[in-house]
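Work through the exercises below with the sequence and the structure open. Try each task before reading its solution.

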Amino acid sequence: MATADGSTAPQDLPGRLFIVEGIDGSGKSTQLDLLHKWLVSQGYLVIFTEWNSSRIVRRTTRRGKRRRILTPLTFSLIHAADFSSRVHEQIIPALQAGAIVLADRYVYTAYARDAARGVSAGWLRRLYSFAPDPTLAFYFDVPLNEAIRRIELGRDELSYYEAGLDLGLSGDPAESFRQFQGIIRDQYGKLVDEFGLERIDATDTLVNQQERMRALVQPHLDGAMRAEVSGLQEALAATGLSGRYLADMWRAL
């Protein structure tokens, strides 16, 4: 697989990094949760991280969204700052310790969403060139109409930026969201080819999707860190690595 910035630099971190990507309503988070449960049941040390979750920039992001003052470029820079914080405080320490990191969205989210807002693809790849290479990157491919149907069943209201209303695609939030997601989906189609993402049919059964994920992940698990290694949990906790997945793992020991 090509690296996140388009180069082919070798990966020198002992851990494993598995990521999922896809438009809203693709079911990627459900499949990542199932993969996590399976990996923990096999005794591996698993850490979870998700897009736009750093405490450092969360307040700034919320303020900008509330006041609707974020331009495509400032939106991109804020997300890059969030991602950089998580990479250096969570992802790299975990990979250095030999743990398995599961990421719900990675740099490809920025490449797809920010490009859909008109940000330069080349600039985005340079901006995120610090990102560690994923061991495997999965793209959950779902038809736009099916994704929209799933979203409408699960959400009462779309936020301003989530619906892409800042782009002037349509004054109707639902129609703007549909168009925005369609543009993002088109961008993902290009990224699958450019970076060799593993395409998963998100309309297949949950069982079949999960079986394919596990079959692709399995060959990369040889030598991955096991949860029972003495002192490793404490070392990871000291770096600030926490969250529901780490907590679940400790309870399972």
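**Exercise 1.** Is Lys37 buried, partly exposed or exposed?

Solution. Lys37 has a relative accessibility of 46%. Buried means under 20% relative accessible area, exposed over 50%, and partly exposed in between, with a 1.4 Å probe and protein chains only. Lys37 therefore counts as partly exposed.

Before going on, note that this is a predicted model, where local features need pLDDT of at least 70 and side-chain atom pairs count only at pLDDT 80 or more, while totals for chains, interfaces and linings use all residues. Residues are numbered from 1 along each chain as its sequence is written, and side-chain values use heavy atoms, with hydrogens and water left out.

**Exercise 2.** Which side chain does Lys37 meet in a salt bridge, and at what N to O distance?

Solution. A salt bridge is a side-chain nitrogen of Lys or Arg within 4 Å of a carboxyl oxygen of Asp or Glu. The side chain of Lys37 meets that of Asp33, at 2.5 Å from N to O. Both residues lie in helix α1, 4 residues apart, so about one helical turn separates them. Helices are DSSP runs of H or I with at least four residues, strands are runs of E with at least two, and both are numbered from the N terminus. Asp33 is partly exposed, at 24% relative accessible area.

**Exercise 3.** Where in the chain do the partners Arg113 and Asp24 lie?

Solution. The closest N and O atoms of this salt bridge are 3.6 Å apart. Arg113 belongs to helix α4 (residues 107-116), and Asp24 to the loop between β1 (16-21) and α1 (28-41). The pair links distant parts of the chain, 89 residues apart. Arg113 is partly exposed at 23%, whereas Asp24 is buried at 11%.

**Exercise 4.** How are helices α2 and α3 oriented to each other?

Solution. Start with the axes, which are lines fitted to C-alpha atoms, for helices over the stretch in contact; angles run from 0 to 180 degrees between N-to-C directions. The axes of α2 (residues 55-67) and α3 (residues 72-96) come within 9 Å and cross at roughly 165°. Angles under 35 degrees count as roughly parallel, over 145 as roughly antiparallel, 65 to 115 as roughly perpendicular and the rest as oblique. The two helices, α2 and α3, are therefore roughly antiparallel. Next, list the contacts, meaning heavy atoms within 4.5 Å. Among the residues that meet are Ile56 and Val57 in α2 and Phe75 and Ile78 in α3.
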